[in-house]
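I opened the structure to look up a few things and kept notes as I went. The entries are in the order in which I looked.

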Amino acid sequence: MSARGTALLLAVLAGLGLYLLLEHRRPAALAPETGSAPPLLGAPAATVVRIEVDDAEGRLVALRGPSGWTDAAGHPWGSDAPADLLDVLATLEPVMVVDPEPENPADYGFGPGALRLTLRGAGDRVLLALEVGERNPAWTGLYARLAGERRVLLVGAILHWELEKLKESAPGS
Amino acid sequence: MRAAWRRAALVTATMAFLGAAIAAAAGDEPWILDANNWQEGKGLLPDPVLKRLEKGEYWFKVVPVDPAKFRQNFAKKFWDATAANAGRYELDEKTCGLKDKATGKIPDFVVGLPFPTIDPKDPQAGCKVAWNFTFSGNQGGGGGATFTLNGVDGTGEFRKIKAFLHGMIYQGRLDGQIKDNPENLENQAITAALEPQDVEGVSALNKRYWDWDSQDAIWAYVPSTRRARRVNAATRSDPVGGLDIFADDLNCYAGKVEYYKWKLVGEGKILAPVLQPYPFPMRQVNPSRFMVDTPYVKAGYEVPKSKGAQWWPQENLVFIPRPVWIVEGESTDPYYNFGKVIMYFDKDIYRIYWKLVHNRAGEYFYTAMCGYHFVKNDETYSAVFPSLVLGVNDKTNRAALGGRYQSSFIERNWDPNYFSLRTLTHMTD
């Protein structure tokens with residue numbers, strides 16, 4: 001083999017090595033189609049101490065207390081809905097990325113009137129901040145965005161069911 | 001004189017009109033719920049069904065009923081047994097199995113609703129509702145019917161399967177306990193496809209054991225291989241014959257109570273599908289067998305220029321507003337295909353009218369509507385049967401209709417040997 005051929009092979013090898021290095025360093029991409037995407041709530045459900053739901057109807061707050069979930073005024077929650085919501089979020093993986101770069105997020109129901117769900121842990125640390133848009137046409141799922149991200153996710157409609165349960169069982173509702 | 005008659009006729013007509021108006025105002029006149037007044041369906045239908053109502057795909061003939069009279073669809077013997085069950089049963093903490101308080105064990109024989117009252121604050125309320133559902137459905141003791149499964153899409157019917165189902169119930173029979181029960185069964189059933197030719201003779205034998213922890217024993221038989229093979233109980237969540245309907249849709253839930261984790265999550269009112277609000281008669285044909293004639297429920301694809309979706313029932317089905325418990329069920333079996341299932345149980349007679357099914361990924365994909373008919377001869381015997389199931393896959397926009405038989409039978413003295421592998425393997429001989 002000539003010196004020129006060896007140099008060419010070494011260059012190709014170096015290129016491959018560089019590619020592998022860069023690929024390895026790239027942040028883990030969401031690959032929900034393969035079922036390998038992490039659940040929406042990355043922390044254990046038991047670490048959530050505060051649930052906030054903001055939408056066009058106002059703000060709903062659920063606080064974890066020593067004897068169960070209450071509203072901000074200390075009234076006990078009428079059901080297990082806060083715990084059910086957290087259980088679902090701790091296992092619910094996005095079904096797919098619907099749109100990585102939406103031109104008009106309002107098409108998915110995002111914007112000022114959209115529902116915003118915030119889960120906080122000890123020390124007010126935000127464990128999940130999710131903007132929830134509309135249901136997809138077949139109503140099998142909901143459009144959602146993680147705070148600070150533009151890409152639109154499709155998550156199972158069970159989230160809609162759990163949010164409705166939470167709102168309907170809120171003290172005074 | 002003629003004027004007096006005219007006045008009398010006018011007064012009579014006015015009174016009749018006012019009477020009808022008062023009745024309608026009181027809410028006991030039949031009315032039609034469709035796309036023109038779909039808002040009135042809010043709170044009476046699950047969301048995906050309401051959406052199709054709004055789009056004009058579904059419509060409902062609503063027939064209000066007297067709750068006390070509706071309750072009498074079940075015989076006095078059933079309600080007396082229910083009252084006698086007060087305080088008698090509790091649940092096994094681990095499995096949600098039914099337990100006799102007196103012995104701490106599974107009861108020997110139960111008839112009537114095991115839990116006459118449900119306290120919505122009781123953490124075990126969901127499981128108790130499920131047990132009441134089981135024993136409401138078991139009262140008849142057994143029977144059978146030949147029925148069809150019809151796959152329907154937006155253009156009409158694309159597949160039809162004819163099959164039969166024969167079942168024998170040991171627990172909950174109003175006719176009393178069958179002492180000879182060597183396999184300790186709650187029930188057993190045999191089902192087989194009759195048409196078309198490619199599935200003819202494909203059959204299954206199902207035995208459900210009366211205990212807290214065993215799986216159903218299910219054997220499937222395929223004539224071409226001449227072999228009966230034991231299959232997993234989770235096959236209840238597999239589509240039947242490639243259609244949008246599942247074995248678990250019979251009565252809207254066909255599993256053992258212990259297979260699910262149950263949770264009561266709410267109360268409400270729902271439109272309940274029934275062939276008619278009150279019982280059909282039963283006609284005796286031999287000492288133990290009775291025939292029941294019921295009308296055929298035609299669907300859109302069978303009625304030219306029908307109103308609504310191709311799969312929507314067009315006649316011989318009415319909807320009655322009923323109070324319901326809203327219960328979530330979730331299987332603990334990793335091989336079961338469904339995730340969270342939301343079911344609407346009648347608060348009085350414990351039938352499931354609607355269920356919404358999510359898959360394991362939390363996506364909603366399927367609604368089943370379960371319609372019933374009642375049979376009663378006197379105050380010592382009554383039964384409730386699943387007349388039809390309409391399964392709608394909202395992900396594929398396809399549906400399947402199951403049931404809709406015009407004749408069925410009640411068998412009050414089955415030969416238990418009929419429910420055997422021998423019957424299964426010799427069906428096509």
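Below are my notes on confidence, one chain's fold, the contact between chains, and two places in the other chain.

**Conventions.** I number residues from 1 along each chain as its sequence is written, with chains lettered from A and ligands numbered from 1 in the order in which they are written. This is a predicted model, so I note that local features need pLDDT of at least 70 and side-chain atom pairs count only at pLDDT 80 or more, while totals for chains, interfaces and linings use all residues.

**Confidence.** I looked up the model scores: ipTM is 0.86 and pTM 0.89. I marked residues 16-26 of chain B, where pLDDT stays under 50. For that stretch the model has three contacts beyond four places in sequence; a contact is two residues whose C-beta atoms, placed from the backbone, lie within 7 Å.

**Chain A, fold.** I listed three helices and eight strands in chain A. These are DSSP runs numbered from the N terminus: helices are H or I with at least four residues, strands E with at least two. From the N terminus the order is α-β-β-β-α-β-β-β-β-β-α. Of the 173 residues, 31% count as buried, that is, with 20 or more other C-beta atoms within 10 Å of their own; 12 or fewer is exposed, in between is partly exposed, and the C-beta atoms are placed from the backbone. Among contacts in chain A with a separation of 6 or more, 59% are between residues 24 or more positions apart.

**Chain A, sheet.** I traced an open, antiparallel sheet of eight strands, E3-E2-E1-E5-E6-E7-E8-E4; strands pair if DSSP finds at least two bridges between them. E3 (68-70) and E4 (96-99) of chain A are the edge strands, each pairing on one side only. The average twist from one strand to the next is 30°. H3(A) packs on this sheet and touches E1, E2, E5, E6, E7 and E8 of chain A. The direction of H3(A) makes about 75° with that of E8(A); axes are lines fitted to C-alpha atoms, for helices over the stretch in contact, and angles run from 0 to 180 degrees between N-to-C directions. At the E3 end I counted three bridges between E2(A) and E3(A), and found A:Gly65 opposite A:Gly68.

**Chain A against chain B.** I found 16 residues of chain A and 14 of chain B in the contact. On the chain A side, E8 (152-156) and H3 (158-168) are the elements that give two or more residues. H3(A) gives the most, with four.

**Chain B, H4.** Which residues of H4(B) are buried? I noted B:Phe78, B:Ala81 and B:Thr82 in this helix of residues 76-84. Seen down the axis of H4(B), they fall within an arc of 105° (taken over directions from the helix axis to the C-beta atoms), so they line one face. They pack against E18 (381-393) of chain B. The face turned away carries the exposed B:Lys76, B:Ala83 and B:Ala84.

**Chain B, Ile352.** I placed B:Ile352 in E16 (352-359) of chain B. B:Ile352 counts as buried because 28 C-beta neighbours lie inside 10 Å. Not counting residues up to four places away in sequence, B:Ile352 touches residues including B:Phe133, B:Asn251, B:Tyr344 and B:Cys370. B:Val324 is 28 residues from B:Ile352 in sequence and 8.7 Å away, C-alpha to C-alpha.

Technical notes:
pLDDT is the predictor's confidence in each residue, from 0 to 100.
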